[in-house]
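Please read these notes with the model open beside you.

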Amino acid sequence: MLNDLRSPALAVPATPVAPSGHLVDALARPLHDLRISVTDRCNFRCVYCMPKEVFGKDYPYLPHGDLLSFEEITRVARIFIAHGVEKIRLTGGEPLLRKNLEHLVAMLRALPTASGRPLDLTLTTNGSILARKARALKDAGLDRVTVSLDAIDDAVFKRMNDVDFAVADVLAGIEAAHAAGLGPIKVNMVVKRGSNDDQIVPMARHFKGSPVILRFIEYMDVGASNGWNMDEVVPSSEVVRRIGAEMPLAPLDPNYTGETAARWRYLDGGGEIGVISSVTGAFCKDCSRMRLSTEGKLYTCLFATQGHDLRALLRGGHDDLAIGGAVARLWQGRADRYSETRTINTTGLARGARKVEMSYIGG
Ligand code: SAM
Ligand code: SF4
Ligand code: SF4
């Protein structure tokens with residue numbers, strides 16, 4: 001199995017760490033976001049994420065009993081919120097494949113935050129069943145959705161998702177999410193040179209002037225399955241140049257410190273786009289995210305080679321103070337900055353180390 005098997009249980013500290021709503025890591029970055037993967041399964045086989053050759057019929061997905069239950073996830077969220085988390089994103093795999101996900105949304109929505117500000121609760125989805133789910137998700141208390149869409153041309157999109165899924169069905173999901181009030185909706189397009197970079201301008205043209213904010217993501221070397229190669233990365237600067245040549249753009253200020261996307265607006269008032277330079281412009285210095293895998297392992301970085309087993313503590317009879325203390329110590333010891341080190345020595349990893357899959361911990 002390509003998931004991470006080398007995950008020591010988190011240690012409960014001898015002295016409790018009372019939650020103060022503010023926790024910083026070894027590089028002074030606050031803990032602010034929690035990304036929760038609710039399933040390691042997906043109905044797409046995106047070539048850059050779950051290529052068919054690796055994620056075939058016999059791929060050993062997690063058995064149901066290994067998954068955190070909604071009650072366990074909600075408990076983890078409550079502990080993280082006490083330590084200062086204000087934003088939770090549900091992801092996967094394809095999160096809408098998890099049965100009754102709206103029940104989890106309702107449970108998370110009911111959690112009070114440390115600051116008293118409402119929790120920012122969002123979801124990243126491939127949009128395939130969003131048309132059916134949007135209303136229930138909104139009614140349960142979801143704030144927004146981000147939808148992944150890698151092409152506006154059907155043939156290119158089908159080659160990217162590799163399961164013959166049509167663009168029109170994702171667009172119907174986006175439409176339903178908009179109608180349900182799950183906005184502002186962001187659409188993420190991963191750009192892989194030679195596969196879908198001819199879709200940069202058509203995608204921009206399609207969403208220009210609509211309420212959707214389109215964002216282009218540099219193809220990343222996550223996981224160990226996608227055979228990543230720097231030649232296939234289209235730098236954000238090139239994306240901006242290619243769109244700007246046809247539809248002039250000007251830079252916009254970030255909405256907040258640590259925003260991963262650099263914002264650009266159309267000079268003719270047609271809205272904005274974002275570019276996420278995950279490879280050419282590392283944003284580790286403001287990275288405030290912890291990731292929780294489907295089976296309850298914590299990852300302090302998207303490119304981690306090792307998780308930390310929280311489920312053992314959840315199922316081991318520890319109280320919230322003890323588990324919160326273990327979480328606090330993990331964050332306080334965090335010094336990850338993979339994307340910055342990758343820029344220096346290309347992989348940023350020790351020889352032989354293997355990164356965890358994106359479909360397993362979510363984006
Ligand atoms: N299945 C959902 C979806 O596709 O939106 C949620 C999980 S998916 C792993 C989260 C995001 O990660 C998607 O926007 C996807 O395009 C992005 N992603 C996956 N592999 C990537 C890679 N190698 N480089 C950049 N982004 C990637
Ligand atoms: Fe599935 Fe999302 Fe990965 Fe595509 S990017 S294979 S939709 S988890
Ligand atoms: Fe955060 Fe790791 Fe990505 Fe840097 S490489 S931004 S530390 S997840």
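1. A106 is found in helix α2, residues 101-109; helices here are DSSP runs of H or I with at least four residues, strands are runs of E with at least two, and both are numbered from the N terminus. A106 is partly exposed, because its relative accessible area is 37%, and the cut-offs are under 20% for buried, over 50% for exposed and partly exposed in between, with a 1.4 Å probe and protein chains only. The C-alpha atoms of A106 and K138 are separated by 9.5 Å, although the two are 32 residues apart along the chain.

2. On the source: this is a predicted model, in which local features need pLDDT of at least 70 and side-chain atom pairs count only at pLDDT 80 or more, while totals for chains, interfaces and linings use all residues. Residues are numbered from 1 along each chain as its sequence is written, chains are lettered from A and ligands numbered from 1 in the order in which they are written, and side-chain values use heavy atoms, with hydrogens and water left out.

3. The chain has 11 helices and 12 strands. Buried residues make up 55% of its 363 residues. Of the contacts (heavy atoms within 4.5 Å) between residues at least 6 apart in sequence, 74% join residues at least 24 apart.

4. Which residues touch the most other members of the largest nonpolar core? They are I88, L90, F216, I243 and L310, in a core of 103 residues. Helix α1 (residues 70-82) gives the largest share of this core, seven residues. Such a core is a set of buried Ala, Val, Leu, Ile, Met, Phe, Trp, Tyr and Cys residues joined through side-chain atoms within 4.5 Å. Another core, of six residues, lies apart from it and includes L62, Y299, V356 and Y360.

5. Leaving out residues up to four places away in sequence, I88 touches L34, I36, A77, I81, L108, L119, D120, L121 and T122.

6. Around ligand 2 are C42, F44, C46, C49, M50, G93 and N126, where a residue counts if one of its heavy atoms lies within 4 Å. By class, this shell has five nonpolar, two polar and no charged residues. The shell around ligand 3 has seven nonpolar, one polar and three charged residues; among its members are R291, R334 and D336. Ala, Val, Leu, Ile, Met, Phe, Trp, Tyr, Cys and Pro count as nonpolar, Asp, Glu, Lys and Arg as charged, and the others, Gly among them, as polar.
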